[in-house]
Amino acid sequence: MKFYSIGKFAKLIGRTPQTLRDWDKTGRWIYSSAATKQAENLCRTVN
């Protein structure tokens, strides 16, 4: 599994690091194996 910094991942999905932090605070961004798989698929799509 590949890991990204918040800044790098934000750039890959076209959002700011602060947006990802806000999503985390509001529960919109959930860390789980399912979310990790979605993130990996999104990164593959973006790349």
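Buried means under 20% relative accessible area, exposed over 50%, and partly exposed in between, with a 1.4 Å probe and protein chains only. I note first that this model is predicted: local features need pLDDT of at least 70, side-chain atom pairs count only at pLDDT 80 or more, and totals for chains, interfaces and linings use all residues. Residues are numbered from 1 along each chain as its sequence is written, and side-chain values use heavy atoms, with hydrogens and water left out.

**Entry: overall layout.** I looked up the helices (DSSP runs of H or I, at least four residues) and strands (E, at least two). The protein chain has 3 helices and 0 strands, in the order α-α-α. Of its 47 residues, 17% count as buried.

**Entry: the aromatic pair.** How many aromatic pairs does a search of the whole structure find? I found 1. Ring centres must lie within 6.5 Å to pair; planes under 30 degrees apart count as stacked, over 60 as edge-to-face and the rest as tilted, for rings of Phe, Tyr and Trp (its six-membered ring). The centres of tyrosine 4 and phenylalanine 9 are 6.1 Å apart and their planes stand at 45 degrees, so this pair is tilted. Tyrosine 4 is partly exposed at 26% relative accessible area, whereas phenylalanine 9 is buried at 7%.

**Entry: the core.** I then checked nonpolar cores, sets of buried Ala, Val, Leu, Ile, Met, Phe, Trp, Tyr and Cys residues joined through side-chain atoms within 4.5 Å. The largest holds 5 residues: Phe9, Ala10, Ile13, Leu20 and Trp23. Helix H1 (6-13) and helix H2 (17-26) each give two or more residues to this core, and H1 supplies the largest share, 3 residues.
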